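Hi everyone, thanks for coming. I'd like to walk you through one model this morning, so please have a look at it while I talk.

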Amino acid sequence: MAKRTGKAQERKSLVIVESPTKARTIRKYLGPEFVVEASIGHVRDLPEGRKEVPAEYKHESWANLGVNVQDNFKPLYIVPPSKKKQVAKLRKLLKESRDLYLATDEDREGEAISWHLCQLLQPKVPVHRLVFHEITEEAIREALEHPRQVDERLVRAQEARRILDRLYGYEVSPLLWRKIRPGLSAGRVQSVAVRLIVERERERRAFIPATFWDALGHFLTVRGDPFTADLVSVDGKRLATGRDFDARGQIKDPELLWFRSQDEIQQLLERLGQAEFRVVGIEEKPYSKSPPAPFTTSTLQQEAHRKLGFTAKRTMLVAQSLYEKGYITYMRTDSTHLADVAIEAARELIRELYGPDYLPAEPRIYRSQVKNAQEAHEAIRPAGHPFQRPEAVRSELSDEEFRLFELIWKRTIASQMVNSRERTVTVTIEGAGAQFQAKGKSIDFPGFLRAYVEGSDDPDAELAGRERLLPVMQTGEPAQLERLETVSHTTQPPPRYNEASLTRKLEEMGIGRPSTYASIIDTILARDYVYKKNNALVPTWTAFCVSRFLEENLAHLVDYQFTAQMEDSLDAISRGEAEHLQYLRDFYFGNQQPGLKPTIEQSLQAIDAREVTAFELGAPQEGPHRDPVVLRVGRYGPYLEQGKRGSAGYRRASVPAEIPPDELTLEKALQLLEQAEQQEKPLGFDPHSGKPIYVKKGRFGPYVQLGDEGDEKPKTASLLKGMKPEELTVEVALKLLELPRTLGEHPETGEPIVAANGRWGPYVKCGSETRTLPAELSPFDVTLEKAVELLTAPKAASRRRSTPEVLQTFGPSPHTQKPVQLLAGRYGPYVTDGEVNATLPKDLAPESVTEAMALELLQAKRQSAPGKRKSSGRRRKKTNGTQPPGEPDQSTELTG
């Protein structure tokens with residue numbers, strides 16, 4: 001760089017990155033003439049609804065969108081309140097700087113952040129864009145020597161994507177609120193992901209299992225070596241296997257042999273028990289297997305889910321931390337390409353660790369078929385060269401960081417190793433018209449499997465498990481039958497998606513971008529469209545409603561091909577092959593196909609909300625109730641109805657949340673209706689008032705109720721912990737309804753002491769003092785004397801709860817300047833910066849939380865509900881009317 005003189009020489013260069021962790025890492029590689037500061041993510045964004053829209057635009061018809069659809073889709077950008085302090089700091093630093101380096105990430109989001117910083121800070125000094133895909137000294141120096149300008153094409157592509165998502169979400173979601181229930185959301189990729197999950201559940205609901213039987217033979221070779229073989233055909237007819245049945249439980253080829261019961265196949269086995277068998281064929285098939293390509297964002301999420309049990313969100317949090325600390329290359333990428341220096345580093349390690357036999361003569365070159373300009377142009381790999389070995393950095397990383405780094409390291413090394421050489425052996429044994437087959441597998445040379453096996457943590461153990469060696473046999477020699485056993489099989493419905501398989505499916509279909517899959521899965525879980533059951537993604541009935549609603553009324557918006565074409569169009573914009581304004585006009589107002597706006601307006605009038613939320617489960621063929629059973633999705637969840645409302649035979653029942661849609665058959669629904677009908681029958685009657693006592697099941701568990709629903713306000717009481725509704729007696733129910741009960745007056749204060757049952761269990765109370773009852777004491781039996789003793793004892797346990805334990809303390813928050821802490825709260829671990837609290841994801845272990853993860857969680861919390869947090873009066877600042885006359889508020893700008 002050219003030398004400067006005078007005041008310019010005294011000034012430093014300002015380098016802006018996204019996160020404090022990235023800033024700290026880069027500072028290590030730059031000299032004292034540089035100041036590195038973080039923007040803390042995006043500094044401007046569209047307003048989150050009309051409440052954040054500046055006063056001068058609130059009257060506009062497009063104000064709720066934050067996009068002026070009447071004037072070339074100009075976005076209205078604002079600086080969120082949480083970012084104003086940091087923006088002011090950046091402005092101050094820029095005034096003292098000689099030039100500005102924008103070192104945000106190299107994808108579209110990073111390019112957009114750099115552009116917004118330029119628009120917001122309005123620098124009067126030279127501006128340079130630094131791009132690097134790993135945070136190493138060599139990469140930083142290379143970027144400084146070859147800076148570029150902000151790429152307007154990438155910016156426009158990101159802006160078009162942001163506007164498109166805003167129009168989709170803010171136009172479709174209100175329609176769901178009106179027709180289904182408030183609080184629902186729709187999204188360009190989110191809604192398609194939900195549709196995929198719902199369609200799989202529909203397949204499971206329609207699935208009819210088929211049962212078939214086959215046999216396993218236990219044989220001895222002429223040398224006395226045991227082996228087993230499967231029965232595959234009888235008299236020239238092949239036995240049916242699971243793949244020969246359709247989803248309705250019917251066999252596809254009627255010529256196949258199908259044993260429907262054990263009795264059928266047992267007759268055959270009795271015949272075969274006396275037969276003589278010989279080896280009639282031995283077939284060997286050698287094959288080789290290539291190593292998997294280096295990781296992309298999608299394959300890293302999939303493999304981390306399979307091997308480490310990480311969710312997509314957790315994987316990206318840990319990968320972000322590894323990247324910002326300088327251990328791996330940029331983690332948002334569609335490319336499988338490796339740089340020449342990375343290939344050489346991997347080959348050198350292979351030569352050193354495994355020997356020349358494991359090193360191919362020529363480097364392996366991987367080329368991605370994905371044509372987009374958003375992501376980085378190299379696969380995810382260890383940063384720098386030579387690669388640091390996992391054991392050398394273990395002490396520097398958290399447990400989760402180390403496990404993910406090791407996974408990336410092994411995959412990168414394996415991708416440059418030779419193929420594995422394996423072979424399968426099939427031995428056919430025949431006798432009395434029946435054929436059995438024994439299959440074996442051996443590994444002649446492990447190749448890359450020595451370093452990495454997909455889906456396995458231990459390559460050596462996996463290699464042993466992959467082999468199934470058969471004893472030595474020769475064609476024509478006899479095989480002695482020791483015994484035969486029957487084996488039953490039942491076909492299984494298609495498996496539900498998990499995070500890994502959903503990610504793979506979306507990528508295969510070209511829907512969305514891998515870098516967004518983690519947030520999409522997080523959203524559909526948070527919105528209760530799906531929940532997890534043994535890691536599988538199970539759709540709720542709300543998801544069924546929304547998917548049906550969109551399929552029947554806005555079909556093209558959840559069409560798989562249409563959504564994939566949207567991605568292609570956005571990529572074309574980033575490459576400069578398409579114009580973003582024309583694309584937005586066509587999408588919103590329509591051209592070759594109906595636009596979003598006119599379609600929404602038509603749908604408002606045409607949709608019958610009651611039909612959309614109803615699913616008929618069928619009608620019973622016998623019994624007193626023959627009306628169809630209908631599942632409806634109401635404001636407070638799904639429920640069942642049978643009969644006409646108001647008629648004598650009308651029945652209704654809630655559907656427990658733990659019942660997945662594919663398990664809610666007609667039989668199960670009738671069972672729930674019967675149980676609900678039993679709840680309507682009183683357990684007994686109160687001897688004093690004569691009112692009936694009911695045992696009911698509510699959203700928060702079972703409870704007893706005194707009186708009918710028609711009464712002004714029936715008294716209710718929750719059951720004590722450990723009580724079972726079916727074992728409840730009238731006497732116990734009456735005791736529950738007597739709570740809270742007054743035990744007497746406190747001997748010192750004269751205040752009444754009561755025993756009650758609360759949300760956290762039974763307790764005693766006197767004035768503002770409360771004490772939890774020990775497990776051995778019931779609120780029915782506790783005496784005044786015991787209550788006084790409990791209330792007199794120090795409230796040590798409560799004090800401990802009121803001051804959460806500090807698990808970790810990190811550096812200061814860029815927002816509050818207070819230390820960021822990881823605390824053990826009453827409802828689970830959380831991080832805080834003194835202003836904002838963010839609960840840890842359920843699958844994130846507290847001991848694995850790094851500072852980067854803590855800041856990421858706090859930032860996500862700030863952005864998830866801007867302006868929604870309540871602040872005290874002393875913190876609330878008046879924001880209207882504070883600008884001097886004639887001076888525009890620089891935190892708001894309507895951008896063309």
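Predicted model: local features only at pLDDT ≥ 70, side-chain atom pairs only at ≥ 80, totals over all residues.

Let me begin with what I mean by a helix: a DSSP run of H or I of at least four residues, with helices numbered from the N terminus.

First, the overall picture. The protein chain has 896 residues, and 50% of them count as buried. Its secondary structure comes to 26 helices and 32 strands. Along the principal axes, the C-alpha atoms fill a box of roughly 105 × 95 × 65 Å. Among contacts with a separation of 6 or more, 66% are between residues 24 or more positions apart. The accessible surface is about 44,400 Å², and carbon and sulfur atoms contribute 49% of that. As for charge, there are 129 positive and 128 negative side chains, with the centres of the two sets 6 Å apart.

How far can we trust it? The mean pLDDT is 88, and 92% of the residues reach 70 or more. Two stretches deserve a caution. Over residues 797–801 pLDDT stays under 50, and the model has two contacts beyond four places in sequence for them. Residues 866–896 also stay under 50, although there the model has 38 such contacts.

Now to the interior. In soluble globular proteins, nonpolar side chains tend to be buried together. Here, the largest nonpolar core has 181 residues, and F132, L404, L640 and L664 have the most contacts inside it. Helix α6, residues 152–179, supplies the largest share of this core, with ten residues.

Which residues does L664 contact, leaving aside its neighbours within four places in sequence? Among them are R205, W541, L617, L640 and L672. There is also a second, separate core of 25 residues, including F227, A275, F436 and M473.

Back to V546, then. Is V546 buried or exposed? V546 counts as buried because its relative accessibility is 4%, and the cut-off for buried is under 20%. Beyond its neighbours within four places in sequence, V546 is in contact with L176, I180, L184 and Y529. Finally, take V546 together with V194: they are 352 residues apart in sequence, yet their C-alpha atoms are 8.7 Å apart in space.

That's my tour; I'm happy to go back to any part of it.

How values were computed. Residues numbered from 1 in each chain as written. Heavy atoms only, no water. Helix = DSSP H or I, 4+ residues; strand = E, 2+ residues; numbered from the N terminus. Buried < 20%, exposed > 50% of the residue type's maximum accessible area, 1.4 Å probe, protein only. Contact = heavy atoms within 4.5 Å. Areas by Shrake-Rupley, 256 points an atom, 1.4 Å probe, with all protein chains shown as cover. Lys, Arg positive; Asp, Glu negative; His and termini not counted. Charge placed at Lys NZ, Arg CZ, Asp CG, Glu CD. Core = buried A, V, L, I, M, F, W, Y, C linked by side-chain atoms within 4.5 Å. pLDDT = per-residue confidence, 0-100.
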